[in-house]
Amino acid sequence: MEAVLILLVGLVVIYLATGIRVVRQGHVYTIERLGRFALAAQPGLHFIVPFIDRVGHKVNMMEQVLDIPGQEIITRDNAMVGVDAVVFFQVLDAGKAVYEVANLYVAIMQLTTTNLRTVMGSMDLDETLSKRDEINARLLAVVDHATSPWGLKITRVEIKDIRPPADISNAMARQMKAEREKRAQILEAEGSRASDILRAEGEKQAQILESEGRKEAAFRDAEARERSAEAEARATAVVSEAIASSGTQALNYFIAQKYVEAVKEFATSPNAKTILFPIEATQLVGALGGIGDLIGDALGTKPGSPPSPPSGPRPPRIVPAPPPTPPFGPQG
């Protein structure tokens, strides 16, 4: 009797252990009862009826990445390019993801590939290379709408790589090089133009300033000449009044003054102490008496008083030059 009881307890324990299921975080188990989907077991501890319920599929509920293999696509302008893409998706309904489609990953891959050919085949090569964001957005909208009955959410569709043919790549490289050289030449031309403009502006400003300087200098020179002429005119007027008031005596005084200044210049010459005058110039010596009288009148001395001896160096001796001798002797 005890053996039968122990056997029954062991069978109960085995039965209960068979029906216990632990679902890990990030997964959902589909429970099938007699071959029919009954429920989706969430993460945690669950008990199922052995031999009646069973775990059908273990569904990953985390966001997953599906790599789309490379495809050869013909663009609208008949250029063949190779394209690689990736799809990011997440299962929202485990029951639909398992029982609405036979092979979820293959279905997503084929759906993405066909729509990738459709979207890129309607664009030119330049558009496929420059409008990746537009291609990604169109693919995302189409694939997400098509997979929504499967309990999926397509989060992102990204183009990894676009490989144009080698000859087209070389042509594009030459085009890019020519375009950059063109931009460089344009920038150099604009720089030269700006430099020439600035240089011309500087020269123009310099010429303007130089002209204004010459104008100011000419104005100052004219003003100086005008003032000099006015001073000369006033001096001439004063001299004229002096001559008019005193007669020839004032005129003789001015002439004598200039004569004395000229002789002084000869006397102070360091190279000549003996000065020879032409015979015609000796006639001017006779005017010294008159000059002496004028000087005496100017200094307030009497005409008959003897002159005071000079205190400075002895004035140069004036020797009249002999008359010129005929070159061929006396002529009879």
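The model is predicted, so local features need pLDDT of at least 70 and side-chain atom pairs count only at pLDDT 80 or more, while totals for chains, interfaces and linings use all residues. Residues are numbered from 1 along each chain as its sequence is written, and side-chain values use heavy atoms, with hydrogens and water left out.

The protein holds eight helices and ten strands. These elements are DSSP runs numbered from the N terminus (helices: H or I, at least four residues; strands: E, at least two). Of the 332 residues, 20% count as buried. Buried means under 20% relative accessible area, exposed means over 50%, and partly exposed lies in between (1.4 Å probe, protein chains only). The accessible surface comes to about 23,800 Å². Carbon and sulfur atoms contribute 60% of that surface. Areas come from the Shrake-Rupley method with a 1.4 Å probe; for residues, only the protein chains shown count as cover. Among contacts (heavy atoms within 4.5 Å) with a separation of 6 or more, 65% are between residues 24 or more positions apart.

Three strands form an open sheet in the order 6-7-8, with antiparallel pairing. Two strands pair if DSSP finds at least two bridges between them. Strand 6 (64-74) and strand 8 (152-163) are the edge strands, each pairing on one side only. From one strand to the next, the twist averages 20°. Strand 7 (residues 80-91) pairs with strand 8 over ten bridges, in the antiparallel sense. Glycine 82 has arginine 163, in strand 8, as its bridge partner. Helix 3 (residues 104-121) packs on this sheet and touches strand 6, strand 7 and strand 8. The direction of helix 3 makes about 40° with that of strand 6. Axes are lines fitted to C-alpha atoms, for helices over the stretch in contact; angles run from 0 to 180 degrees between N-to-C directions.

Glutamine 71 is placed in strand 6. Glutamine 71 counts as buried because its relative accessibility is 13%. Its side chain makes a polar contact with the side chain of arginine 117, at 2.9 Å. A polar atom of the glutamine 71 side chain also lies 3.3 Å from the backbone oxygen of proline 69. A polar contact is a pair of N or O atoms within 3.5 Å; within protein, one must be able to donate a hydrogen and the other to accept it, and residues adjacent in sequence count only if both atoms are side-chain atoms. Leaving aside residues up to four places away in sequence, glutamine 71 touches Val81, Gly82, Val83, Asp84, Thr113 and Arg117.

The structure holds two aromatic pairs. Rings of Phe, Tyr and Trp (its six-membered ring) pair if their centres lie within 6.5 Å; planes under 30 degrees apart count as stacked, over 60 as edge-to-face and the rest as tilted. The rings of phenylalanine 37 and tyrosine 99 have centres 5.3 Å apart and planes at 50°, so this pair is tilted. The pair links strand 3 (residues 36-41), which holds phenylalanine 37, to helix 2 (residues 94-99), which holds tyrosine 99, across 62 residues. Phenylalanine 37 is partly exposed at 36% relative accessible area. Tyrosine 99 is partly exposed at 34%. Phenylalanine 89 and tyrosine 105 form an edge-to-face pair, 6.0 Å centre to centre with 70° between the planes. Phenylalanine 89 lies in strand 7 and tyrosine 105 in helix 3, so the pair ties together parts 16 residues apart in sequence. Phenylalanine 89 is buried at 0% relative accessibility, whereas tyrosine 105 is partly exposed at 38%.
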